[in-house]
Amino acid sequence: MAIITLTTDWNKSDYYVGTVKGKILSIDASIQIVDISHQVQPFNLMQAAFIVRNCCFNFPNGTIHLIAVNAALGPKHSLLVFEINKQIFIAPDNGIVGLLSGEKPDKIFKVKNNKNVTNFLSLDLFIDTAINIIKGIEYETFVDTITRFESQIPYRPVIEKNLINGSVIYVDSFSNAITNVSKETFEKVGQGKAFEIFIQSNHYKLDKINTTYSDSISGELLALFNSIGLLEIAINNGNAADLLNLAINSAIRIKFYDEKPVSKLTLTGG
Amino acid sequence: MAIITLTTDWNKSDYYVGTVKGKILSIDASIQIVDISHQVQPFNLMQAAFIVRNCCFNFPNGTIHLIAVNAALGPKHSLLVFEINKQIFIAPDNGIVGLLSGEKPDKIFKVKNNKNVTNFLSLDLFIDTAINIIKGIEYETFVDTITRFESQIPYRPVIEKNLINGSVIYVDSFSNAITNVSKETFEKVGQGKAFEIFIQSNHYKLDKINTTYSDSISGELLALFNSIGLLEIAINNGNAADLLNLAINSAIRIKFYDEKPVSKLTLTGG
Amino acid sequence: MAIITLTTDWNKSDYYVGTVKGKILSIDASIQIVDISHQVQPFNLMQAAFIVRNCCFNFPNGTIHLIAVNAALGPKHSLLVFEINKQIFIAPDNGIVGLLSGEKPDKIFKVKNNKNVTNFLSLDLFIDTAINIIKGIEYETFVDTITRFESQIPYRPVIEKNLINGSVIYVDSFSNAITNVSKETFEKVGQGKAFEIFIQSNHYKLDKINTTYSDSISGELLALFNSIGLLEIAINNGNAADLLNLAINSAIRIKFYDEKPVSKLTLTGG
């Protein structure tokens with residue numbers, strides 16, 4: 001049974017979601033259509049890529065992921081079909097490829113469009129492409145091979161000796177701030193040394209990393225590596241991003257110390 | 001496989017959605033239940049009709065569309081079953097029929113209700129009616145033929161020689177303002193003449209219509225005919241309705257000129 | 001065909017929903033995954049329990065209800081599997097059992113967790129447990145029998161002679177305030193006597209109960225017993241909770257009179 005997921009910035013109050021679902025179910029009423037999110041902020045590619053990247057590989061091979069964010073097509077923006085680890089993506093040529101794949105996807109094509117593309121073709125082109133794939137029609141008949149495409153690059157932390165300059169890349173439903181500092185990077189740079197995490201300023205800092213939210217008291221600021229291996233700033237039962245005024249791109253700086261910082265030694269009696 | 005769509009003003013945080021889904025899946029766990037929107041503004045029939053009208057005809061024939069907006073039943077409001085172009089609708093007798101069909105639907109019935117209608121029967125009556133249709137039970141056993149029903153009429157633009165007085169009928173997720181001026185009406189009244197579109201006042205005006213969002217620079221006010229053939233006021237990558245303070249019923253006036261207006265000739269040197 | 005429902009405080013903009021759906025559909029692409037709500041307020045167990053309790057028993061026997069609200073697991077919070085009236089629930093040991101069942105569920109188990117529980121195991125443990133149940137694996141292999149678990153008790157009204165001290169337990173999408181005063185309690189205490197319902201203060205009061213929303217004029221304050229048999233304070237076509245500043249725990253007091261209260265007699269001339 002075919003599975004198609006939808007990630008859009010349409011919100012739920014428009015008729016686009018119903019149009020896509022109606023046309024797809026007209027092909028085969030048993031197709032599984034999975035809403036991943038229709039609440040991506042308008043035009044926010046970073047958010048869309050973060051959501052899709054962190055859940056798409058849990059779907060069965062061959063699942064089609066339709067990503068309609070910043071999706072007004074036109075002469076400048078073609079529609080792409082690409083594959084990463086046997087997952088199939090349909091998305092505009094707006095830079096999201098790089099945000100999803102890190103580098104080059106395994107396969108990438110541009111959808112043929114013989115009609116004069118006006119904005120109202122945009123949604124139809126998405127749907128027709130999905131239907132062609134579901135029906136198992138040969139790629140060659142509806143796409144062209146391409147070698148050039150737009151590609152945004154995910155924000156990566158800047159690394160120096162004993163220093164990681166990272167940033168917040170996502171704020172989740174619980175107002176936890178997820179950073180671009182992976183556990184791997186942290187361990188490689190830190191080599192097990194003592195450290196301090198500075199959150200936005202020198203005012204808020206932490207010198208340890210928890211293993212769970214619940215091993216700190218309620219209301220306490222904490223950092224942990226979350227389910228996708230990224231450093232996350234949270235307040236147990238609280239709203240870290242709201243209280244600390246963290247948003248996408250807020251700076252998170254981690255300093256490692258060959259010896260423990262003096263102030264801490266003094267305060268804690270080491 | 002039966003398909004049933006849901007369009008409601010229940011929002012997602014109540015138990016009504018779960019109740020409908022649970023009861024329907026108890027009949028047959030393979031039924032496709034499609035959420036079109038649960039975020040219609042409370043009691044907003046215009047919005048509900050706009051959403052459903054613009055996506056329902058993409059579903060397979062025989063799809064059941066349950067529309068529970070302004071749905072408190074009672075002695076004054078019966079529940080209706082009606083058909084338009086082989087799509088089946090279940091909705092209260094609150095005027096939405098006219099908003100969906102323009103005129104008279106192909107078939108229309110009133111659901112029998114032998115019980116004393118208190119508000120808590122309302123949801124059950126919706127569900128029981130859907131289940132009767134899914135099970136293929138003969139209409140006569142649960143509905144009565146009617147000839148009178150409430151019917152609101154969609155706002156249509158007022159037309160004079162060289163003038164269209166239209167209005168905004170919907171604001172979408174991107175803050176684009178969709179008007180009731182169709183491409184057909186525009187071309188019939190305009191006959192290819194020069195024109196100016198006045199948005200709310202004489203302050204904001206446009207004298208051309210784009211074919212895509214992306215053929216204007218970012219931040220520019222523009223007008224285009226959208227995927228459903230209606231004139232739409234937008235700002236490329238911006239929020240037209242917010243910035244121009246447009247809402248449902250805001251006036252959009254289009255003047256056609258036998259000769260181009262003097263001010264434009266002067267300014268553009270055209 | 002297996003049915004699994006989801007009730008979470010994840011909202012729709014995160015990747016958790018996609019992760020759960022992807023992993024479950026990887027087992028069997030035909031499983032029905034039903035979104036009940038992803039918009040429970042973060043950590044609000046009362047709201048989650050209210051929603052689930054009032055719709056879950058409409059699902060077919062054997063339906064699995066996954067409730068991930070206040071779901072950060074850890075050494076203190078285990079994951080539970082329990083059954084009430086042949087519905088199966090997966091939820092943390094955070095007190096929601098009592099809110100759902102009133103008392104003890106029919107069966108209750110604690111999920112075995114041989115791995116070191118860090119927060120990122122939390123979601124996996126939920127999903128693995130659901131998959132074990134869907135696959136029909138014997139309970140003994142993945143759960144342990146328990147006799148002690150956390151259990152919050154639903155707020156019940158306090159009853160005296162001729163008096164019910166109730167409170168608001170839920171505010172719905174229409175801003176209606178649902179109280180914990182059941183029709184049964186009302187009739188048992190009231191014995192058909194005249195009464196006054198005091199809403200928050202002595203300022204707003206009602207001396208009758210409607211049978212439907214629509215048997216009062218638009219804008220009028222009213223009380224009725226809703227579809228789940230609880231006293232609800234509403235304004236016909238209005239927003240009762242907003243206008244009267246009602247929220248969860250707002251006091252609703254009902255006084256019964258052996259004779260009609262003097263003030264009313266005077267005013268109405270009754």
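A: Let us start with one residue and its surroundings. Contact means heavy atoms within 4.5 Å. Leaving aside neighbours within four places in sequence, C:I4 is in contact with C:I24, C:I31, C:Q32, C:I33, C:V34, C:I64, C:L66 and C:A130. Please note that this is a predicted model, in which local features need pLDDT of at least 70 and side-chain atom pairs count only at pLDDT 80 or more, while totals for chains, interfaces and linings use all residues. Residues are numbered from 1 along each chain as its sequence is written, chains are lettered from A and ligands numbered from 1 in the order in which they are written, and side-chain values use heavy atoms, without hydrogens and water.

Q: Which residues touch the most other members of the largest nonpolar core?

A: A nonpolar core is a set of buried Ala, Val, Leu, Ile, Met, Phe, Trp, Tyr and Cys residues joined through side-chain atoms within 4.5 Å. Buried means under 20% relative accessible area, exposed over 50%, and partly exposed in between (1.4 Å probe, protein chains only). Here the largest core has 64 residues, and A:I67, A:F82, A:L100 and C:I4 touch the most other members. Helix α4 (residues 121-134) of chain C gives the most to this core, with 7 residues; helices (H or I, at least four residues) and strands (E, at least two) are DSSP runs numbered from the N terminus.

Q: How many residues of chain C are in contact with chain B, and what area do the two chains bury?

A: Buried area is the accessible area (1.4 Å probe) that two parts lose on being put together, summed over both. In this model, 30 residues of chain C contact 31 residues of chain B. The two chains bury about 2700 Å² between them, 56% of it on carbon and sulfur atoms.

Q: Are C:K193 and C:D258 buried or exposed?

A: C:K193 counts as partly exposed because its relative accessibility is 23%. C:D258, at 57%, counts as exposed.
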